[in-house]
Amino acid sequence: MTHRNLDNQSAAVAVLGLGPMGRALAAASLAAGHPTLLWNRSPGKATALVAQGAVLAPTVADAARRASVVIACVINYRAVRAVMSGLERSPRGTFVNLSSGHAAEARDMAAWAAQRGVNYLDGAILTPAPTIGTPAATILYSGPRALFDDSLPWLESFGGSSVHLGADAGTAAAYEMALLDLFTMSVGGLAHAFALAITEGIPPTAFARFARGIGGLLPDMADRFADQLTSGTFAADVSTIASAGSAVAHVRDAAAARGVDPAPLQAVQSIIERAVAAGHGGDSYARLAQSLVPADLAEAAR
Ligand SMILES: NC(=O)c1ccc[n+]([C@@H]2O[C@H](COP(=O)([O-])OP(=O)(O)OC[C@H]3O[C@@H](n4cnc5c(N)ncnc54)[C@H](OP(=O)(O)O)[C@@H]3O)[C@@H](O)[C@H]2O)c1
């Protein structure tokens, strides 16, 4: 692959990492009219973007040196560290890490970047690659507000909502992990439920019609959890933890009877049993969230 002239790329965006998400970010940047520099460990992934006008840089340092904003979007923070070690010197632009990881990794990375004089913003992309560049995209950022404000003209090309959550670099990753918790547990629940339905001879399409209704309960429940966790009162106006305990026992037995692994249900059951043993059986489900928070952190949050 040829490397086109990298001069005159002021006000450019550099995108480091060209997996599905990195390619979507680079395509959105190009569509917004920004000169777009690319680097990827496997340069072949840049071919289509180069055909659209992006410039492939031979090294991380070459891509970053010329950019006003340097986006890293690779598989994890270890890969980000490997990519950043190729910078050679601090880029003049802000380094925006949009790779997934947890809050402590983001804070460590921010500290590491600060030691090297790199202007660092952390971020978390909440929506899938096809949303990038559309109104459906949501990207969270945390780190110095001034860096976010200065980078916004480029970040806005990724579409949708660009939300700054505060100066602590770990905040965006903290939101991402808690939301991924919700997503992975929900997807796990969906997979488990379809498996149980199939073992009972229920056609997947017939099951999906009713499964959609369960999913539709979650938005109101999220608001109710938030209200009750904020007020610290857990009146069970709908269902109690004790009733959830009896429901989960039915499903666990049904799964075990059909040879579907009951372990996920047993995990939920043990959480419920601990809450009941602590005297919260008559409370609402939101109390389960509070009972999962370690005591020292619950104390600190008050
Ligand atoms: N895809 C989505 O819809 C989506 C949604 C939200 C968030 N995200 C987050 O966005 C990030 C990127 O995701 P993705 O879907 O584009 O693909 P991915 O499979 O998570 O990551 C692929 C990218 O990481 C690079 N990479 C892996 N190990 C590396 C290393 N040791 N050194 C340098 N580069 C390395 C790959 O380079 P090679 O091409 O050379 O292998 C490629 O550019 C992830 O953190 C992901 O969680 C993705």
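**Basis.** I number residues from 1 along each chain as its sequence is written. In this predicted model, local features need pLDDT of at least 70 and side-chain atom pairs count only at pLDDT 80 or more, while totals for chains, interfaces and linings use all residues; side-chain values use heavy atoms, with hydrogens and water left out.

I looked up the UniProt record, an unreviewed entry, and found "domain: 6-phosphogluconate dehydrogenase NADP-binding" at residues 13–166. Such annotations may be inferred rather than shown by experiment. I noted that this span is 36% helix and 23% strand, with its end C-alpha atoms 23 Å apart. Helices (H or I, at least four residues) and strands (E, at least two) are DSSP runs, numbered from the N terminus.

**Ligand shell.** I found 21 residues around the ligand, the closest being Met21, Asn40, Ser42, Lys45 and Ser100; a residue counts if one of its heavy atoms lies within 4 Å. The shell divides into 11 nonpolar, 8 polar and 2 charged residues, with Gly counted as polar. Helices α1 (20–31) and α4 (77–84) each give at least two shell residues. The largest share, 3 residues, is from α1.

**Polar contacts.** I looked for pairs of N or O atoms within 3.5 Å. Ligand oxygen atoms lie 3.4 Å from a polar backbone atom of Gly19, 3.0 Å from a backbone N or O atom of Val74, and 2.9 Å from a polar backbone atom of Ala129. Taken alone, the ligand exposes 880 Å², of which the protein buries 74%; the areas come from the Shrake-Rupley method with a 1.4 Å probe.

How values were computed: A polar contact is a pair of N or O atoms within 3.5 Å; within protein, one must be able to donate a hydrogen and the other to accept it, and residues adjacent in sequence count only if both atoms are side-chain atoms.
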